[in-house]
Amino acid sequence: MTDSRRWLLPEGIEEVLPPRARQIEVLRRDLLDLYHSWGYELVIPPFVEYLESLLTGVGSDLDLQTFKVTDQLTGRMMGIRADITPQVARMEAHSLKRDGVVRLSYSGSVLRTRSPNLLPSRSPLLIGAEVYGSAQLSADVEIVNLMLETLKRTGLHGLHLDLGHVGVYRAIVESAGLGADQKSELFDILQRKAVAELDDFISAGVQDKVLAEQLRVLVDLHGGIDVLDNARQKLAGVPAVVACISELEALARAVAAAHPDIDLYFDLAELRGYEYHTGVVFGAYVDGYGQSIAKGGRYDDIGSVFGRARPATGFSADLKALIQLLPEPVQAAAAILAPADNDPALEAEVKRLREQGEVVIQDLGGADTGAQANLRKLVKTDGHWKLAE
C-alpha cells in the first residue's frame, strides 16, 4: 500500500503540469521581453536572505508571511522570501547605486506561511516591474500603463482598475491626533468597511465634529470618477487630501487616455500595503474573480534603510493566477518522431526541423511508442528523410 505522505503536497503548495507549465513559461518570457522593450532591466534576487534585510521597511504583514530558517553556516536567522519588492529595493540602493531613473524587472517564486487572501496558493510565481529615482506622477502613469499592457498581453478582457491614495487616510489621521491603538483600530475598521463599527469608534473617541464627519465620509468615498469631486468638497479642510485627490485625478486622466477600454474605480479608503506605500495604490480586476490579478503603488524611501532614500513605484502579478484565468492552451501541431538511426542525413533533417520550431522526438530504440501513435513520422523515401504522408 502506497503511503500518501510520499506524494501529498503541503496545503497551498501546488505543482504545475503540462500543458499549463509550458503556457506559464511562454507567458513569462513574453512579458520579460515586453518589459525589456520598455527599458526595464532584469534582476534575479536570491530566494533566501537574512531577515534584517528581507523584512526591513515593509511592515508586520510580510513578517507574518515569511518562513524563517537558521543559517547553518552563521547561526543567523534567514527568511524565505514572501515578496520580491524589498529585495529589488535593496539591490537598487546597495548593489547598483546608480543615479537618475532606474527601471528594473523580475520574475520568481515566493513562499508564504499563509495565503493573504481567500485563494489557497502559498507559492505564487511573481512577475513585476519597478521604477526608482522619479517622484514624478509620470512614473506612476508608466507603471500603471505597463501593468495594464501586461494583462492585455496575457489575453485577459473586461479589466477594471481600482485606484486609491494612502495619503488621503494619512492626512486625516495625522490631523486627528489619534494614539497608536486608535490608529490600529481605525485601520482595521476601514479595511473591512465596517460602517457600524466606525460610528461606534467615532462616538467613543473623536470629539471634533469636523474630523468625525471626515472619517464618516471616507468610508463611503468609492465609486466612479465623481467620487473625486465629492471628496474634494467634503474633505476641503485638509489641504494634503486635496493634493492627493488632484494627483489621483491626473493619473486617472492619463491612464484613461492610454486605455480607454479600461473601467476605472476609485476607493479613497483603500489601504492595501498601507505600512509601506506612500502615495497612489492600484489594483486590476476581471469580472468573476474576487481578488486583484495585479497590484502596486508608490513606496518612496523604501531603500532608505540601505543608505539611499529614493522615490519608487511598481507593480507585481502572480503568473500562476493569471494562467488559471485563461483557457487551456490550444493543442499545437503533433510532434515528429525520428527513428533510431545513425544516418547523418537524418540528424541534419532533425536539426533543420527543430530550428524551424518543430518538436522532434528521437525514438530511443526498443521503447514503447504505442502512446506516440499520433505523432508524425520521419521516413526515408528515395534516399531522403521526409515526413510521412
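Me: In this predicted model, is aspartate 99 buried or exposed?
Reply: Residues count as exposed over 50% relative accessible area. The relative accessible area of aspartate 99 is 70%, so aspartate 99 is exposed.

Me: Is arginine 308 buried or exposed?
Reply: The cut-off for a buried residue is under 20% relative accessible area. Arginine 308 has a relative accessible area of 18%, so this residue is buried.

Me: Which parts of the chain does the salt bridge between aspartate 99 and arginine 308 tie together, and how many residues apart in sequence are they?
Reply: The two side chains meet at 3.9 Å, N to O. Aspartate 99 belongs to the loop between helix H4 (85-96) and strand E5 (102-109), while arginine 308 belongs to the loop between strand E11 (294-298) and E12. The pair therefore ties together parts whose separation in sequence is 209 residues.

Me: Which aspartate meets arginine 192 in a salt bridge, and where do both residues lie?
Reply: Helix H7 (residues 180-192) holds both partners, four residues apart, which is about one turn of the helix. The N to O distance is 2.9 Å, and the partner is aspartate 188.

Me: Which aspartate does lysine 68 meet in a salt bridge?
Reply: Lysine 68 counts as partly exposed, with 36% relative accessibility. The side chains meet at 2.6 Å, N to O, and the partner is aspartate 63.

Me: Why is the pair of tyrosine 35 and phenylalanine 315 described as edge-to-face?
Reply: A pair of aromatic rings is described by the distance of the centres and the angle of the planes. Planes over 60 degrees apart count as edge-to-face. The ring centres of tyrosine 35 and phenylalanine 315 are 6.1 Å apart, and the pair is edge-to-face because the angle of the planes is 90 degrees.

Me: How many residues apart in sequence are the parts tied together by tyrosine 35 and phenylalanine 315?
Reply: Both residues are buried. Tyrosine 35 lies in helix H1 (residues 20-37) and phenylalanine 315 in strand E12 (residues 312-318), so the separation in sequence is 280 residues.

Me: Which residue lies over the face of tyrosine 50?
Reply: The distance from the ring centre is 3.7 Å. The residue over this face is arginine 76.

Notes
Residues numbered from 1 in each chain as written. Predicted model: local features only at pLDDT ≥ 70, side-chain atom pairs only at ≥ 80, totals over all residues. Heavy atoms only, no water. Phe/Tyr/Trp six-rings, centres within 6.5 Å; stacked < 30°, edge-to-face > 60°. Helix = DSSP H or I, 4+ residues; strand = E, 2+ residues; numbered from the N terminus. Buried < 20%, exposed > 50% of the residue type's maximum accessible area, 1.4 Å probe, protein only. Lys NZ or Arg CZ within 6 Å of the ring centre and 35° of its normal. Salt bridge = Lys/Arg side-chain N within 4 Å of Asp/Glu carboxyl O.
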